Amino acid sequence: MIRPRIGRFDRMGGESGDNRILLVFDGDCAFCQTCVNAGHRVLPYMPAVRAWQGLDLRAAGLTREEVMTSVQLLGPGGLRAHGARAIGVMLAVQPNAAWRALGRVMLAPPVSWAAEAGYRLVSRYRHLLPGSTTCGVPPV
């Protein structure tokens, strides 16, 4: 099971140190920012959030291609996830049982396959979604 050792939770992700999870997203995309803001509003635990544009990608062990194609989740014990799996893991570590259950379902096949397909679809066409006028992703 994917359950990094997480200390105390708070709504704004105030945890620090080695147990901290980091969510890396596209800070030039208003739709992506809207999703991050929603996470802060509704999730009991929100990881630290950084736009990839303000992050030392090499130090984080990420490439420009990785961060331009999907959200990245980094955490203790070598935790790395991207795309729909990153969202599923983020839900699976919530202190609330309902969110944890949703995350576990999202991580299990065949739901995980559908979740990743949906994530890829949204990611590819995010320039057409709310916030598209400020999204740095060029139309495909």
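Let's start with a single side chain: Leu128 has a relative accessibility of 60%, and because exposed means over 50%, Leu128 counts as exposed. Keep in mind that this is a predicted model. You'll find Leu128 in the segment after helix H6 (111-124).

Now zoom out to the whole chain. It has 140 residues, and 40% of them count as buried. The chain holds 6 helices and 4 strands, and if you follow the elements from the N terminus, they go β-α-β-α-α-β-β-α-α-α.

Next, the empty space. Rolling a probe the size of a water molecule over the atoms shows where such space is left. In this model, the largest pocket holds about 570 Å³ of space. Which elements give two or more residues to its lining? They are strand E1 (22-25), helix H1 (30-42), helix H3 (64-69), helix H4 (83-92), helix H5 (97-107) and H6. H1 gives the largest share, with 7 residues.

The lining has 29 residues, and those that lie nearest the centre of the pocket are Phe31, Cys35, Val71, Ile87 and Tyr119. Here is how the lining of the largest pocket splits by class:

| Class in the lining | Number |
|---|---|
| Nonpolar | 23 residues |
| Polar | 4 residues |

Terms used: Residues are numbered from 1 along each chain as its sequence is written. This is a predicted model: local features need pLDDT of at least 70, side-chain atom pairs count only at pLDDT 80 or more; totals for chains, interfaces and linings use all residues. Side-chain values use heavy atoms; hydrogens and water are left out. Buried means under 20% relative accessible area, exposed over 50%, partly exposed in between (1.4 Å probe, protein chains only). On a 1 Å grid over the protein atoms alone, a cavity is a set of points where a 1.4 Å probe fits but cannot get out, and a pocket is an open set with protein on both sides within 12 Å along at least five of seven lines; lining residues have an atom within 4 Å of a point. Grid points are joined across faces, edges and corners, and a volume is the space filled by probe spheres set on the points. Ala, Val, Leu, Ile, Met, Phe, Trp, Tyr, Cys and Pro count as nonpolar, Asp, Glu, Lys and Arg as charged, and the others, Gly among them, as polar.
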